[in-house]
Amino acid sequence: MIFVSSFYALCVCCSLLYLYTRSAAPSSDDAAFRRFQHRYLVVYLLAMAADWLQGPYVYALYEHYGMTSHQIEQLFVAGFGSSMIVGTVVGSFADKYGRRANCILYGILYALACVTKHFNNFHILMIGRLLGGTATSILYSAFESWVVYEHHARAFDKDLLGTIFSHATLGNSIVAIAAGVVAQFVAIRFGFVSPFDVSMFVLIAMVILVMMVWSENYGDSKASLGTSFKTALYYIKADRKVLCLGLIQSLFEGAMYTFVLEWTPALSQSQVQTDPGRPKEVIPHGFIFAAFMVAIMIGSSGFKIAGRYLTVESFMRPVLLVSALALCVPVIMPSSQSAIFIGFLVFECCVGIFWPSLGTMRGRYVPEEARSTIMNFFRIPLNLIVIFILLQNLGMITIFKFCVVLLLLATCMQWWLYRLSLVTPVVDIEKGISTSPGPTRPSQERAVGNGLGILDDQPEVIDV
């Protein structure tokens, strides 16, 4: 079967690429940097492991409790809705009250969500989904905000930030595979709720570790929450590079989460169309998921190789275009299971390049004083996209057409960002003067464009 053989082939390819790229990314012999990187990665990967442990059995647990498909749909919409509304506000607390405190809050909220899974009651499960959605917003903003601030504050080489994100993507894929195996093992032995119990213990360990080894940092702790939102909106409007990054995040991740919902029916339906007279077989979800994770690991190695020769802003243009072409396969060849699977693998490789690239660019362009707030702002359209898909009765081909359009729009935004990175002068906040074009220095400089990537004759000095 193509799924199993592809998995083994990808493992070999991934291993070879990892060995080849071990020295590709910038590295440091600085013991302080290595210690800092280790402390961040251990905590971050524990946080991601807790999330991955829950994923495979959320739907199965709801079905086990006898929930109807409509009730399950309501629960999932509630999760994305809380991430969009409540999560945006709570996640933004990180800039005012501290990123470390926000990461601890993530562990507490997600652990409470795990507790609700013990109750076969729709309303209690709904509370769990609201807590989980809020926690997810924190997961995808506060942790990154903490590491970017600490990296710059400790005066490490700015190129080493991409190395941290690359290692995080690689480690996240390994953790996802391991979490899937653990979740399946405990679910078979102890029932569908047991993966959530394991997740809760992982979250407790993560919270304890954060309290022991992480220092606190802030965006603008003196600003009120309303001021933080105004500051975030100001930067989004004033710096077109921040706007581009946010739109790229929303468009790409919107397509990615939609893909997560649709890859199973796409592969299953293509199997039936290939040979209508053949009895339908259950596709090996475990091997397929593992293959996707290995493809992401290959993508993270690709990020290191591309970073040798090109800037992130440059090589992400073809990556986003290839991701759009990859999801064209189920639209063009809906009956070819092998072609669709290969297209999905290519898309996952692009995901592996996307994560460290986006983190690197955000570390470069997004202002520190409102980093978490800005990141959460752009999760609003992302969650709206997923909620829209969940509430519509769309056909599979229509959904993938929608994904392709989103990815093509993301490609256009990346082209715009690339041009802005070349032609927009830089304003030094401290000196109030413009310097040579090029990517901004994240902690000292901020580019303020007029929408065309060119400053006005009298550059505006941002008082922060």
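Modeller: A term before we start: lining residues have an atom within 4 Å of a cavity point. And keep in mind that this is a predicted model.

Colleague: Fine. How many cavities of 30 Å³ or more does the structure hold?
Modeller: Four.

Colleague: Which residues line the second largest cavity?
Modeller: V242, L245, G246, Q249, R362, V366, I374, M375 and F378. By class, six are nonpolar, two polar and one charged.

Colleague: And which helix gives the largest share of that lining?
Modeller: α12, with four residues. That helix spans 240-274. α17, at 371-377, also supplies at least two.

Colleague: Switching topic. Where does Q414 lie?
Modeller: In helix α19, which covers residues 396-423.

Colleague: Buried or exposed?
Modeller: Q414 is buried, because its relative accessibility is 0% and the cut-off for buried is under 20%.

Colleague: What is Q414 in contact with, leaving aside neighbours within four places in sequence?
Modeller: I248, V312, E313, M316, R317, L320 and M361.

Colleague: I also had P318 on my list. What separates its C-alpha from that of Q414?
Modeller: 9.4 Å. Along the chain, Q414 and P318 are 96 residues apart.

Key
Residues are numbered from 1 along each chain as its sequence is written. This is a predicted model: local features need pLDDT of at least 70, side-chain atom pairs count only at pLDDT 80 or more; totals for chains, interfaces and linings use all residues. Side-chain values use heavy atoms; hydrogens and water are left out. On a 1 Å grid over the protein atoms alone, a cavity is a set of points where a 1.4 Å probe fits but cannot get out, and a pocket is an open set with protein on both sides within 12 Å along at least five of seven lines; lining residues have an atom within 4 Å of a point. Grid points are joined across faces, edges and corners, and a volume is the space filled by probe spheres set on the points. Ala, Val, Leu, Ile, Met, Phe, Trp, Tyr, Cys and Pro count as nonpolar, Asp, Glu, Lys and Arg as charged, and the others, Gly among them, as polar. Buried means under 20% relative accessible area, exposed over 50%, partly exposed in between (1.4 Å probe, protein chains only). Contact means heavy atoms within 4.5 Å.
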